[in-house]
Amino acid sequence: MAGMSPSEKRLQKELMSLMKEPPPGVSVDAEIAEQNLLLWIIRMEGVSGTLYEGEQFELQFKFSNKYPFDSPEVTFVGNNIPVHPHVYSNGHICLSILTDDWSPALSVQSVCLSIVSMLSSCKEKKRPPDNAFYVKTCNKNPKKTKWWYHDDSV
Amino acid sequence: MVIVIMGDEAKNSSTATEDVSQLNQDELIMAQQRQIEKEISETIPLVGDLENILLLEHEYSNDDVYQEKVKNLAKKYKSIRRTRPDGNCFFRAFSFAYIERLLDKKEDFDAFYKKTAKSKDDLVELGFQQFTVEDFYDTYLDVLKRVGDIAEVEGAKTELHSLFNDQGYSDYMVVYLRLLTSGQLQKEKDFYSCFIEGHTTVEDFCHQEVEPMYKESDHIHIIAACAALGTGVRVVYMDRGTGKAVTEHDLPEGCVPSVHLLYRPGHYDILYPI
């Protein structure tokens, strides 16, 4: 891995690990990631026995060259954005590890697992109460929103 | 320097902030925070040069309480090394000062190197992912090796100082000490859980307050970091409280401290005893 920056080296390791041992229901589009290590698409299946059983979702991960010191920018993309109290219809996710609680010891895999668990624990499919307003006015980058995290139970 | 506090109204919002002015405010606040961070990083090195302790008096030229305290401090300490106030100051100061101190005694340094070399496996066993720990561990050992290989002590200290001012090394050192501290807290979670307020578990506390960069350190971080490295620290508290003397705390209690830190509300610098 000579000639790679520290963030590229780390991402390369993460990509290999995610391709070899992906968490259940999660798969990375290796072709896209290998073309550009700073942009990944990850597919995620709704876990059976939860409200999202049978659904397919796509997550986009964008990394800066300061990764893993900077958190990745993670959004749902594609034509099925999960209906969930912490997911806006534009794909932005309100999840503390994506901003305030991000740590360099976390990884793409741990973010995926948190999102799977956030979806799986959902009891009622609905959008955040301020969805219409937020989607109309927010910055394209969810990391530019100052989020208030208030409820870990859904 | 301006400190920005978000208005109370933001707390009542549902998930993201709600009205237009507030949203524009978000970006303004973040822009201002970045500006403050930029100013700090341009003016204050990660780990500064040694300065005479009496220079501290200049900071408090109109303040008798502090002037008196600095004079008292100067009876025990000859110099101070400032660190950048970026929320990582305890971890950076402690890491630097402890390794600097170890360089004075080859046997202690070698013992610490051996201890550190074994630490990655302990963290992986505790459930940390191998590849997230690895980079920080490798860099930490690399720094130890680079300074340990320099035979002449002053030369080794100069190299250590320059590596700690290179963000590419310095932040890796900070993260690895944060991980070791988190590992220590989790390994002895029954003990440490008594010190955590509210219903937060030790694991959650580690994920939210120890492992992320820029999160400030409290007593519990310091005690666990000392236990992880197998040493003790004396924290000298200096605030505007009454009395002429500064207050000293040895952590853990009763230890022979290897590192001395000056604490002024919100920030740690390194002290050098006479």
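Here are some questions and answers about a predicted model with chains A and B.

Reader: Let's start where the chains meet. How many residues of chain B are in contact with chain A?

Author: The model is predicted, so what we have here is computed from its atoms. Contact here means heavy atoms within 4.5 Å. On the chain A side, 34 residues take part, and on the chain B side the number is 32.

Reader: And what area is buried between chain B and chain A?

Author: Carbon and sulfur atoms give 62% of that area. The whole buried area between chain B and chain A comes to about 2,800 Å².

Reader: Which helix of chain B gives the largest share of the side that touches chain A?

Author: Let's go from polar contacts to helices. Seven residue pairs are in polar contact between chain B and chain A, with both residues at pLDDT 80 or more. Helix 1 (20-43), helix 7 (130-148), helix 9 (167-187) and helix 11 (202-210) of chain B each bring at least two residues to the side touching chain A. The largest share, seven residues, belongs to helix 1 of chain B.

Reader: Which residue of chain B meets A:Asp101 in a salt bridge?

Author: There are three salt bridges between chain B and chain A. In the one with A:Asp101, N and O are 3.0 Å apart, and the partner is B:Lys215.

Reader: Over to chain A. How far apart should the ends of helix 1 be, going by 1.5 Å a residue?

Author: Helix 1 of chain A runs over residues 6-20, which makes 15 residues. The expected span uses one less than the number of residues, times 1.5 Å.

Reader: A:Lys125 and A:Glu55 meet in a salt bridge. How many residues apart in sequence are the parts they tie together?

Author: Their N to O distance is 2.6 Å. A:Lys125 sits in the loop between helix 3 and helix 4 (131-137) of chain A, and A:Glu55 in the loop between strand 2 and strand 3 of chain A, so the pair ties together parts whose separation in sequence is 70 residues.

Reader: Is A:Glu55 buried or exposed?

Author: The cut-off for buried is under 20% relative accessible area. A:Glu55 has 17%, so A:Glu55 is buried.

Reader: Now chain B. Which residues does B:Glu59 meet in salt bridges?

Author: One partner lies in strand 2 (residues 77-83) of chain B, while B:Glu59 lies in helix 2 (residues 56-59) of chain B. That bridge is 2.4 Å, N to O, and the partner is B:Arg82. The other bridge is 2.9 Å, N to O, and the partner there is B:Arg264.

Reader: Where does B:Arg264 lie, and how far is it from B:Glu59 in sequence?

Author: B:Arg264 counts as buried, because its relative accessibility is 11%. B:Arg264 is in strand 5 of chain B and B:Glu59 in helix 2 of chain B, so this bridge ties together parts separated in sequence by 205 residues.

Reader: What does the side chain of B:His267 reach at 3.1 Å?

Author: B:His267 lies in strand 6 (residues 267-273) of chain B. Its side chain also makes a polar contact of 2.9 Å with the side chain of B:Asp269. At 3.1 Å, the side chain of B:His267 reaches the backbone oxygen of B:Thr83.

Reader: Is B:Met173 buried or exposed?

Author: B:Met173 lies in helix 9 of chain B. Leaving aside neighbours within four places in sequence, its contacts include B:Ile99, B:Val143 and B:Phe164. With 1% relative accessibility, B:Met173 counts as buried.

Reader: Which residue of chain B is joined to B:Pro252 by a cis peptide bond?

Author: B:Pro252 is in the loop between strand 4 and strand 5 of chain B. The omega of this cis bond is about -10°, and the residue joined to B:Pro252 is B:Leu251.

Definitions and conventions: Residues numbered from 1 in each chain as written. Chains lettered and ligands numbered in written order. Heavy atoms only, no water. Buried area = accessible area lost by both parts, 1.4 Å probe. Salt bridge = Lys/Arg side-chain N within 4 Å of Asp/Glu carboxyl O. Polar contact = N/O pair within 3.5 Å; in protein donor to acceptor, adjacent residues only side chain to side chain. Helix = DSSP H or I, 4+ residues; strand = E, 2+ residues; numbered from the N terminus. Buried < 20%, exposed > 50% of the residue type's maximum accessible area, 1.4 Å probe, protein only.
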